[in-house]
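The points below are meant to be read with the model in view.

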Amino acid sequence: MPPVIDREKCVGCGTCADICNSHIFLHEPDKDRVPRVRFPDECWHCDSCVLDCPAGAVRLRIPLPFMMLHVASESLRRQS
Amino acid sequence: MIPVKAVLEADLAVVGGGIGGLMAAISAAEAGAEKVIVLEKAHVRRSGSGATGNDHFRCFLPEYHKTLDSILQQTLNSPIGMTRDPVILRQSLEKSFELVRMWEEWGINMRPTGKYEFMGHAFPGRLRPSLKYDGRNQKAVLMTQAKKRGVRIFNHHPALDLCVAEEDGARRVTGVLALDMSVPEPAFVLVRAKTVLLATGLTHRMYLTGPTPAYMFNTSHCPNCAGGQALAWRAGARLVNMEIPYVHAGPKYFARAGKATWIGVYRYPDGRPVGPFITRPDVVYGDITGDVWNSAFTDVLLDGSGPVYQDCSGASSEELAFMRGAMFSEGLSAMVHYMDEHELDPGKHAFEFMQYEPTFHGRGVEVKPDAETSVSGLFAAGDMVGNGGAGISPAAYLGWTGGEHAAKKAAVLSFTNIEDDPALKERMELFSSFLKREEGPDWKEANFALQQIMSDYAPAGPHRVRSATLLRAGMEYLEQLRAEAFSHLRAGCSHTLMRTGEVLDLLDCARAVLHAALAREESRAGHRRSDFRFTNPLLNSRQLNVWLEGGEVKTGFRDKWM
């Protein structure tokens with residue numbers, strides 16, 4: 001949940017873990033090159049890990065309850 | 001006992017490396033403070049509400065605004081002006097363009113269109129108060145400037161408490177208790193500090209999250225800013241405006257600040273504009289309805305005439321491209337990526353907007369015009385300040401002036417030994433006890449329990465009310481929760497210990513809110529009292545303080561500082 005790390009692309013630098021606004025990763029290079037998302041519920045979806053990953057290995061998966069409610073804008077015009 | 005890893009010394013210890021904190025550190029170093037340190041909960045490069053950007057900087061530019069009074073009065077008369085002391089707003093506006101030039105020199109793009117341009121948060125035909133800028137690199141730039149001046153930055157070191165000494169009946173700050181959470185095994189770090197500047201951001205997470213009650217980190221501003229005002233509160237500093245809730249609005253259900261970055265029109269489902277200000281998207285003014293009719297998005301749901309949509313569909317492709325760029329400047333890249341992935345196009349889709357939960361944005365620590373609090377040597381800046389205005393520009397100003405004054409003050413002070421301070425020892429033992437327990441509720445249970453109590457007994461208006469009986473009941477339940485939390489909370493590692501500390505801070509802030517709300521015997525803005533339904537004009541020019549004295553909560557009104 002929110003940050004998803006592509007293990008193939010990750011270079012194990014630990015930047016995401018270091019700069020995370022919510023401190024949700026745990027990076028223990030001795031155990032695993034790839035940081036672990038330890039506290040997924042605490043992600044603020046600020047995008048810092050995505051923006052700063054030098055390998056482009058992180059993306060955010062936005063949880064379903066955060067869905068952006070929308071309608072086709074022409075539906076507003078139709079009713080006016 | 002959790003071990004003490006280091007004892008540091010600082011002329012100025014800055015707590016929180018956001019916009020206000022970093023500006024304070026830079027300015028203190030410029031003013032001659034030799035030992036300046038920043039204690040940061042996360043990492044200064046990406047911490048706080050300005051982590052990935054901002055795009056509006058409230059600023060007075062003489063060539064454009066002509067007189068300072070024009071923009072001063074406009075701000076004071078707006079909903080965000082009510083909580084401010086005019087003297088601080090005036091000073092921050094006077095200094096604002098100098099700060100803009102400084103940021104520009106350091107590498108923050110203050111002219112994304114090629115010239116100084118004022119856009120958004122504006123009434124058609126009126127002077128516009130906000131300079132449009134591109135703040136996506138603002139944190140990295142300020143971090144670099146701080147380091148360049150020899151500021152020592154301690155990332156992953158949240159402050160748990162302050163140390164204060166009583167001298168001739170007055171209180172003076174002497175140090176900071178910080179937690180090293182850079183590794184799972186926690187350690188304490190003690191800082192003997194001649195002066196301290198608090199800049200921990202606004203307070204989130206005291207109320208059930210509006211868009212997604214089960215996800216408390218889905219918030220408009222930084223959710224890791226939670227309860228920092230309590231550090232000042234426990235030190236005996238006066239808080240102000242804690243009883244006036246601030247309620248932000250934005251897209252539903254993806255909580256994000258930045259509604260003025262959108263350039264659409266707020267419309268009813270039948271296409272009528274909600275407000276009287278614009279009828280088609282306007283890149284220069286934006287739709288200020290969301291600022292001045294704060295509860296619109298809730299009102300239309302409760303009366304059945306809603307929902308309200310943000311409709312950008314009348315904008316040209318150039319205007320939509322400009323807005324997309326501005327969303328990156330404002331730090332909304334996650335939302336842009338989400339829209340791209342879901343093939344949502346603001347030119348073709350209208351997005352429902354909603355009000356989020358109450359926060360303490362520009363509510364909290366009272367500062368004098370030099371950013372010092374009522375405790376000697378303790379300064380504050382940024383969104384945690386209760387009488388200086390919230391957002392980027394006031395944070396930058398109070399940080400700058402606070403750093404300068406703290407440096408001057410530190411020059412004539414000496415260090416105090418804090419290691420034997422009994423209050424500090426007691427706090428360290430309390431934190432150590434959370435870690436020792438084999439079982440017990442975790443911080444999240446306590447945080448949710450607090451949110452339930454505050455949402456039920458100190459809600460924000462206009463559709464929910466407060467009253468003496470509700471507030472007193474809330475106080476009682478809060479003390480029950482506090483007793484449970486102190487005796488049973490358990491933390492398993494440095495991260496959860498940090499969260500536990502946040503909950504203790506939130507409990508203290510909640511206490512301040514309940515007492516202040518009881519003392520304000522009138523209705524004003526989002527503070528609606530069913531037992532005092534009117535707005536008392538005699539209180540228009542008064543501020544309500546709440547503070548702790550000898551273990552008791554005190555409240556009192558004072559005149560606004562003009």
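Which residue in S8(B) does B:Leu179 stand opposite?

1. The residue in question is B:Phe188, which stands opposite B:Leu179 in strand S8 of chain B. Please keep in mind while checking this pair that the model is a predicted one. The two strands concerned, S7(B) and S8(B), the latter covering residues 187-198, pair in the antiparallel sense over six bridges, and the hairpin that joins S7(B) to S8(B) runs through six residues.

2. Strand S7(B) also has a partner in S6(B), which spans residues 159-167, and these two strands pair in the antiparallel sense over eight bridges. Within that pairing, B:Asp161 stands opposite B:Leu177 in S7(B). The hairpin formed by S6(B) and S7(B) has two residues between the strands, and B:Asp168, which lies in the turn, has a positive phi of about 50°. As for S7(B) itself, which takes in residues 170-180, the strand is mostly covered, with nine of its 11 residues buried.

3. A second sheet in chain B deserves a separate look: it is an open sheet of four strands in the order S14-S9-S16-S17, with antiparallel pairing. Strands S14 (364-365) and S17 (552-559) of chain B stand at the edges and have a single partner strand each, so one side of each is left without a neighbour in the sheet. Inside this order, S9(B), residues 239-240, and S16(B), residues 542-549, pair in the antiparallel sense over two bridges, and the bridge partner of B:Leu239 in S16(B) is B:Val546.

4. B:Glu366 and B:Asn545 are 179 residues apart along the chain, yet their C-alpha atoms are separated by 8.1 Å.

5. B:Trp103, which lies in helix H4 (residues 86-106) of chain B, is another side chain to examine, and at 0% relative accessibility B:Trp103 counts as buried. Not counting residues up to four places away in sequence, B:Trp103 touches a set of residues that includes B:Ile19, B:Met23, B:Phe57, B:Tyr133, B:Leu142 and B:Ile392.

6. Turning to the two chains together, 57 residues of chain B are in contact with 38 residues of chain A. Between them the chains bury about 4,000 Å², and 59% of this is on carbon and sulfur atoms. B:Arg46, B:Tyr215 and B:His495 supply 15% of the area that chain B buries against chain A, which is more than any other three residues.

7. How many salt bridges are counted between chain B and chain A? The count is four, and B:Arg499 forms a salt bridge with A:Glu42 in which the closest N and O atoms are 2.7 Å apart. There are also 28 residue pairs in polar contact between the chains, both residues being at pLDDT 80 or more. On the side of chain B that touches chain A, H10(B) gives the most, with six residues, and the residues of that side divide into 25 nonpolar, 21 polar and 11 charged.

8. The contact between the chains also includes strand pairing, in that S5 of chain A (residues 70-72) and S13(B) pair in the antiparallel sense over three bridges. In this pairing A:Ala72 stands opposite B:His349 in S13(B).

9. Finally, B:Thr52 lies in the loop between S2 (36-39) and S3 (56-58) of chain B, and at 6% relative accessibility B:Thr52 counts as buried. Leaving aside neighbours within four places in sequence, B:Thr52 is in contact with residues of both chains, including A:Cys46, A:Ser48 and A:Leu51 as well as B:Arg46 and B:Phe328. A polar atom of the side chain of B:Thr52 lies 3.0 Å from the backbone oxygen of B:Gly331.

Terms used:
Residues are numbered from 1 along each chain as its sequence is written. Chains are lettered from A and ligands numbered from 1 in the order in which they are written. This is a predicted model: local features need pLDDT of at least 70, side-chain atom pairs count only at pLDDT 80 or more; totals for chains, interfaces and linings use all residues. Side-chain values use heavy atoms; hydrogens and water are left out. Buried means under 20% relative accessible area, exposed over 50%, partly exposed in between (1.4 Å probe, protein chains only). Two strands pair if DSSP finds at least two bridges between them. Contact means heavy atoms within 4.5 Å. Buried area is the accessible area (1.4 Å probe) that two parts lose on being put together, summed over both. A salt bridge is a side-chain nitrogen of Lys or Arg within 4 Å of a carboxyl oxygen of Asp or Glu. A polar contact is a pair of N or O atoms within 3.5 Å; within protein, one must be able to donate a hydrogen and the other to accept it, and residues adjacent in sequence count only if both atoms are side-chain atoms. Ala, Val, Leu, Ile, Met, Phe, Trp, Tyr, Cys and Pro count as nonpolar, Asp, Glu, Lys and Arg as charged, and the others, Gly among them, as polar.
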